[in-house]
Amino acid sequence: MAEPQRARPKPTPETQHFWDGTKAGELRLQRCDACTHVYFPPRPFCPSCASRKVSVFKASGKGFLYSYVINHRPAAPGFTPPYAIAVVELAEGPRMMSNIIDCPQTPEALELDMKLEVAFQALDDKITLPVFRPAKG
Amino acid sequence: MRSNHVAVVGAAETTELGIIPNASQLQLHADAALNAIADAGLKLSDIDGFATAVETPQQVCHYLGIKPTWVDGTSVGGCSFMLHVRHAAAAIEAGLCKTVLITHAESGKSMIGKLPRSTPADSLNGQFEAPYGVYGPPSMFPIPVLRFMKTYGITHEQLASVAVVQREWAAKNPRAMMKDPITVADVLNSRMIAYPFRLLQCCLVTDGGGALILTSADRAKDFPRKPVYIMGTGESVETPMVSQMETFNSSRAFKTAGPLAFKEAGIAHGDVDHLMIYDAFAHLPLFGLGDLGFMPYEETGKFIADGNTRPGAKLPLNTNGGGLSYMHSGMYGMYALQESVRQMRGIAPAQVPNAKISVCHGVGGMFAASGTIVFTNER
């Protein structure tokens, strides 16, 4: 029997650009052309002012560690506990859930407000996940 | 909604609570409903309004043999029943129905006839949270707590004291699942679940149910039990994705629902004799005390750790033992409501002497939704 797999996102028409972006090594966000609000998760209108005129842009990939848990049990399929489930605040404003790589999964190593940068983890030939690692320098 | 024009006239939990291997989830709805109908001295045919969550109104109404003219299937998680109370009060006031039955039941432990919970891979949660290893509430609900602790200087010991104090209340309650006293050290040495939370800071997983019956205050005086009036109500929703909350320093849904209920009731915090704050995890009472405006967030941890919510103290909180020690079948809001009603009737196992106003505050999902009810036993 195959190993249980990590949950795989299935894009919708509204989110396809995001997943195309991660596959191409870009973290893509959306900005409202009318009010300049930057938002996430993807949708074809501005959740702040309701304008349908919005643009996709490549985010800096920089952010900081806003909060997290280190999950011990029960572990999700495809994960080996303990592992951190983090929320990253992006430099552009929105927050997103992610994992922190290249860092011990301990309270000592995972300091709130530590600077992070995006990395990309291919799950298969269709889906690449954005994850984050401690920023260099 | 006008204060004190609708009352709870029937309230009961399932005959058994805890581990119930001999009943399906649907039967637990019926057991709670029949107990509440008996409590109110009514017949099934007297019920013309019905509300429930997760299970559909048609499922439970057909099983019970109820023919309603008003239904509410609002299902926003564990506080759905607070919203049902609010909606039922409005419906009764509007003349849409006269006698509303609200049921909850969940075979949360035994999983008999329990509907599956799933996160589709193309939902927003499925795309933007599930791939990062969230797996059930313990991996999601505590995600805001480290930020909350850092912002307000809350300590691990203070968060552990929430479980300790609630166990003191549970010790007074024969129906509580966990009654043995615990210490802060016991909590901090219990098994790690999702750092920073350990086993004793996470709610129980049990089977059970509860039901409420509401009618107009004018009719309520003819019922066998002391009426418990709906004095104020509030509700809101924020986001199904915990990562997308506006801030982890508070809950927008709490901050909307709670003050709405206080305003409608026309009460100040000093008027509150008894308080329930849905405690799926140990940080929720701290969010609740702050978001409902009882005190600055910075003081919430110390307030509980100093014993201000324990038996005999000035703000009795979660007097049944809460989701941490009483029971938690998955949607605990109904049990918080039941305890508020018992306190207002004056029949709670750990009765707060002369309590006249009870605030009952619920959460749904992971801070996704909220409902607040202010009860009083004086009209």
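In this predicted model, P41(A) sits in the loop of chain A that runs between β2 (38-39) and β3 (54-58).

P196(B) belongs to the loop between β5 (192-195) and β6 (197-198) of chain B.

Attention now turns to backbone phi angles. Most residues other than glycine have a negative phi. Although A50(A) is not a glycine, its phi is positive, at about 75°. A50(A) is placed in the loop between β2 and β3 of chain A, the loop between β2 (38-39) and β3 (54-58) that also holds P41(A). The surroundings of A50(A) contain 10 C-beta neighbours inside 10 Å, so this alanine counts as exposed, given that the exposed class covers residues with 12 or fewer such neighbours.

T36(A) likewise is not a glycine, yet has a positive phi of about 70°. This threonine is located in the loop between β1 (28-32) and β2 of chain A. Is T36(A) buried or exposed? With 10 other C-beta atoms within 10 Å, T36(A) is exposed, because the cut-off for that class is 12 or fewer.

Notes:
Residues numbered from 1 in each chain as written. Chains lettered and ligands numbered in written order. Predicted model: local features only at pLDDT ≥ 70, side-chain atom pairs only at ≥ 80, totals over all residues. Helix = DSSP H or I, 4+ residues; strand = E, 2+ residues; numbered from the N terminus. Buried ≥ 20, exposed ≤ 12 C-beta atoms within 10 Å, placed from the backbone.
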